[in-house]
Amino acid sequence: MRSSREVDSRVWRVVGDPLIAAASHGPLDGATVAVKDVFAVAGYATGGGVPAYEQSVDVAADHATAVARLIHAGARVRGIARTDQFAYSMAGDNPHYGTPPNAAVPDALPGGSSSGPASAVAHCDADLGLATDTAGSIRVPASYQGLWGMRTTHGSVSTDGLLPLAPDFDTVGVLTREPDLLLRATSVLLNSPSNTDIGSGVATLDDIGEVDLQRLAEAFRTHQAFQAWTVHGDWITAYPGALAGSAAARFAVAAGINAAQDARACDELADITQQLDELLGSDVLALPAASSHAPRLGASGHDVERERSATVRLTAIASATGRPAVTFPYRDTSEGPIGHSLVGPRGCDTALIGRAVEFASASPTASRDSFATQGGTPRC
């Protein structure tokens, strides 16, 4: 772990040794946590990746429930890590603070919006990242940086003390370098034990070909945008110019979506979710975690948005259905790592991690010494 003298302000908003001590002993004894800057941490304002917002809100009196659960299980908060503006991006860049470095591919985007926690974990500055996933914000940075990531079943982890983006899709999860810690941290965070059985079948994108994934992605993005503006629109209107870059453009589009458009999108989501539930049942769906390796830092906004749109067609399956998804290192290419995901039935979170371990052991990287040493990611 790097010393505090080497702290990267692109990764960390504030850091300590530790910032918050463990509250008791438990299954996470000794683990250090990078907390995404959308969770309340007592004594600090929640910044949401927006300087003006951080300055406009009060200091938190209490920890978010997810933070409290981790420290009561023995973990220590290393610090508060950066996020994209209001967590409304999957690139990982932030024009206010800079782009957290991708540990696996230094000249590439880190993936967002959980870019800070992902970078901290991949650079060995923390053992786990407490993060959120709305449209893929855990799964994409995990894929881009060769990490394990868990998007829990929607509603299975408390969002008390969380700055929301789109509550119908927001989920709490974690990023780690290996699956054992992912399992322990997920078990600590869940409101109740995960007990849904997983079927023996494994579906692929070919098996759900009759479901229109482009239609799903468009309906998802419409409802996500409508909710994002509902949550943040008043503040954005009151603080003109506070947002910059692609997030500002995205919120500008969101401001123009009306209730009738949102209602149609919700109907589409309900229809396609029912089809997916009928097709998948209790089986898992195996699919790429992202549409490609991480785009390069110099990629045009058009190219980044194209990759984002292609990735949402994949990630929206779990997001729209509320299903859990585990991302794990799968393939290392000359352009960087590409992760794979398993999407399981709602409530199977811990069992899904076990199934992902089986898949990972058969991946093209499994015979190597450690995926975490590939592509430039350091050994911890």
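Ring pairs join Tyr53, Phe86, Tyr88, Trp235, Tyr239 and Phe251 into a cluster. The model is predicted. Nine aromatic pairs occur in the structure.

One of these pairs brings together Trp148 and Phe328. The ring centres of Trp148 and Phe328 are 5.8 Å apart, and the planes meet at 35°. Trp148 belongs to strand β5, which covers residues 148-151. Phe328 belongs to strand β9, which covers residues 325-333. The pair therefore ties together parts that are 180 residues apart in sequence. Both partners are buried. Trp148 has a relative accessible area of 7%, and Phe328 has a relative accessibility of 0%.

Trp235 and Tyr239 form another pair. Their ring centres lie 4.4 Å apart, with the planes at 15°. This pair is stacked, because its angle is under 30 degrees. Trp235 is buried, at 14% relative accessibility. Tyr239 is partly exposed, at 35%. Trp235 and Tyr239 are also members of the cluster described above.

The charged end of Arg250 is placed over the ring of Tyr88, 5.6 Å from the ring centre. Tyr88 is itself one of the cluster residues. The charged end of Arg82 is placed over the ring of Tyr97, 3.7 Å from the ring centre.

Terms used: Residues are numbered from 1 along each chain as its sequence is written. This is a predicted model: local features need pLDDT of at least 70, side-chain atom pairs count only at pLDDT 80 or more; totals for chains, interfaces and linings use all residues. Side-chain values use heavy atoms; hydrogens and water are left out. Rings of Phe, Tyr and Trp (its six-membered ring) pair if their centres lie within 6.5 Å; planes under 30 degrees apart count as stacked, over 60 as edge-to-face and the rest as tilted. Helices (H or I, at least four residues) and strands (E, at least two) are DSSP runs, numbered from the N terminus. Buried means under 20% relative accessible area, exposed over 50%, partly exposed in between (1.4 Å probe, protein chains only). A charge sits over a ring if NZ of Lys or CZ of Arg is within 6 Å of the ring centre and within 35 degrees of the ring normal.
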